[in-house]
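Q: I'm new to this one. Can you walk me through it?

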Amino acid sequence: MRTAYSVETVRAAERALMARLPEGALMQRAAAGLAAACAELLGRVYGSRVVLLVGSGDNGGDALYAGARLARRGAGVTAVLLSPERAHAGGLTALRRAGGTVAASDAADELIERADLVVDGIVGIGGRGGLRPDAEKLARLVERSRAAVVAVDLPSGVEADTGEVRGAAIRADLTVTFGTCKPGLLIDPAREYAGVVRLVDIGLELPGEAELEVLQHAEVARLLPVPAAESDKYRRGVVGIAAGSARYPGAAVLAVSGALRGGAGAVRYVGPAGDAVIARFPETLVSDSGPAGAGRVQAWVVGPGAGDDAATVAEVLRADVPVLVDADGLRLAGRDAVRGRTAPTLMTPHAGEAAALLGVRREEVEGARLAAVRELAAVYRATVLLKGSTTLVAGAAGGAVRVNATGTSWLATAGSGDVLSGLAGSLLAAGLSAVDAGSAAAYLHGLAGRFASDGAPVGAHDVAARIPDAWRDVRS
């Protein structure tokens, strides 16, 4: 499992480690890892042209010491100092002794234009509020450059704890981060500035609970329910789907498809799209008696394509089983009704729906996704899965937020969210917690999207059809 920790936690771990090490040893560890990554990216170090963009913090020192190592291997290394009087003294001395040179920031244009590699050591993990004008100018020069770009710890201009980007920022091909990932490296919009993230172990001792968790194949495989010899459809989990309307019958079909391919032992459907559902999936148990009369279920999915059917949403929320609320259900579910539930609730908004629930603009959610998902979970006392390029899952009781990045931009297609709802509902019915069901469903859904698209347009039904392939891939 990949984890990310807050700046405060990282700083505390660094202080504890530095107290046990000789002075400067920790920076040398970081510089060694940084230099190795730069050399690997360059391929041929001797004769290459390297420009270091150096701010006044410790990551400027990391860049200088790494630059010294590259200079000793024959690279032509020049450091552009944004604050010459505050640059790391030891790093400057090491660079000069190795044959590197120093230039003022007004020479940066020509240097960056001719560089093979630019190392961004402008602002460290403590940066807040965007770049200053002199650093912003460098970021724009780098954007126009053909050089490879390596960021030290995280790209300058992105906020480490939140993933927010306020104005211009360095867009890196590779980010070399030390000790642990920082949240901003895993969450959009900052994630897209980081490029490939390479973690260098510098010996930090970190606490058990992180700010963020990123599940890998092995963790997801352990979550997925597998039927035993004595399993029957009820033991595997029966999920109820209350979805669709005369205007949106396809939403019901897609939600049912996600549930069936997600491993549900049986699917009970209630709603006006029964004929369409049976025509596509004859194994579905269709009822016209409403949620209360549909029969026993272990979880409900409500909302996809529901239109204005507030009564059905309210009835499902009164059920004493886990409930997933999506799409129209999010708009129709009363906040107090959700907060008052004793069984788990999983809400699955996209950024626009989350913005409506929070009473803010969509752009505010997209720019501060971590804050938004945590606020929704706290306000509704529910687990919240915030859909997007990086899907975030925040638990009702707080704790680490789960991050999923298995998806593809081709999943931005009508009905894709309905498939995800059915898939997550089937995992809820199988007994997974709301956080685990949301995390595993997002992971499988993302893989299915990749398998279905392979870089080409697809429809939601194609994604649903590849869920079993994703399941097999995870368990293989």
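A: Let's start with a term. A pocket is an open set of grid points with protein on both sides within 12 Å along at least five of seven lines, and its lining residues have an atom within 4 Å of a point. Keep in mind that this is a predicted model.

Q: Okay. Which helix gives the most to the lining of the second largest pocket?
A: H2 does, with four residues.

Q: What other elements give two or more residues to that lining?
A: Helix H1 (7-18) and helix H3 (58-72) join H2 there.

Q: What volume does the second largest pocket have?
A: About 700 Å³. It is lined by 37 residues. Closest to its centre are Arg11, Gly57, Asp58, Asn59 and Gly124.

Q: And the lining by class?
A: The second largest pocket has 16 nonpolar, eleven polar and ten charged residues in its lining.

Q: Now the largest pocket. How much space lies in it?
A: About 890 Å³. Its lining has 40 residues. His350, Lys387, Gly388, Leu411 and Ala412 lie nearest the centre.

Q: Which helices supply at least two residues of that lining?
A: Among them are helix H7 (191-194), helix H10 (249-261) and helix H15 (351-358). Helix H16 (362-367), helix H18 (416-429) and helix H19 (434-453) are also on the list.

Q: How does the lining of the largest pocket divide by class?
A: Twelve residues are nonpolar, 17 are polar and eleven are charged.

Q: Switching topic. Which residues touch the most other members of the largest nonpolar core?
A: Leu34, Val50, Leu52, Val119 and Trp300. That core has 99 residues. Helix H2 (residues 25-42) gives the most to this core, with ten residues. H2 also gives the most to the lining of the second largest pocket.

Q: Take Leu52. What is it in contact with, leaving aside neighbours within four places in sequence?
A: Leu52 is in contact with Ala63, Leu64, Gly67, Val77, Thr78, Ala79, Val80, Leu95 and Val119. Val119 is also one of the residues that touch the most other members of the core.

Q: What about a second core?
A: A separate core holds 53 residues, including Val256, Tyr269, Ala299 and Ile467.

Q: On to charges. How many salt bridges does the structure hold?
A: It holds 25. One of them joins Arg128 to Asp161, with the closest N and O atoms 3.6 Å apart.

Q: Why does that pair tie together parts that are apart in sequence?
A: Because Arg128 lies in the loop between strand S5 (117-121) and helix H6 (133-144), while Asp161 lies in the loop between strand S6 (148-152) and strand S7 (174-178). The parts they tie together are 33 residues apart in sequence.

Q: What about Arg166 and Glu164?
A: They form a salt bridge, with the closest N and O atoms 2.6 Å apart. Glu164 counts as buried, because its 13% relative accessibility is under the 20% cut-off. Arg166 is partly exposed at 43%.

Q: How far apart in helix H21 are Asp469 and Arg472?
A: Three residues, so about one helical turn separates them. Their side chains meet in a salt bridge at 2.3 Å, N to O. Asp469 is partly exposed at 22%, whereas Arg472 is exposed at 51%.

Q: Which residues are linked in a network of salt bridges?
A: Glu143, Arg171 and Glu192 are linked that way.

How values were computed:
Residues are numbered from 1 along each chain as its sequence is written. This is a predicted model: local features need pLDDT of at least 70, side-chain atom pairs count only at pLDDT 80 or more; totals for chains, interfaces and linings use all residues. Side-chain values use heavy atoms; hydrogens and water are left out. A nonpolar core is a set of buried Ala, Val, Leu, Ile, Met, Phe, Trp, Tyr and Cys residues joined through side-chain atoms within 4.5 Å. Buried means under 20% relative accessible area, exposed over 50%, partly exposed in between (1.4 Å probe, protein chains only). Contact means heavy atoms within 4.5 Å. On a 1 Å grid over the protein atoms alone, a cavity is a set of points where a 1.4 Å probe fits but cannot get out, and a pocket is an open set with protein on both sides within 12 Å along at least five of seven lines; lining residues have an atom within 4 Å of a point. Grid points are joined across faces, edges and corners, and a volume is the space filled by probe spheres set on the points. Ala, Val, Leu, Ile, Met, Phe, Trp, Tyr, Cys and Pro count as nonpolar, Asp, Glu, Lys and Arg as charged, and the others, Gly among them, as polar. A salt bridge is a side-chain nitrogen of Lys or Arg within 4 Å of a carboxyl oxygen of Asp or Glu.
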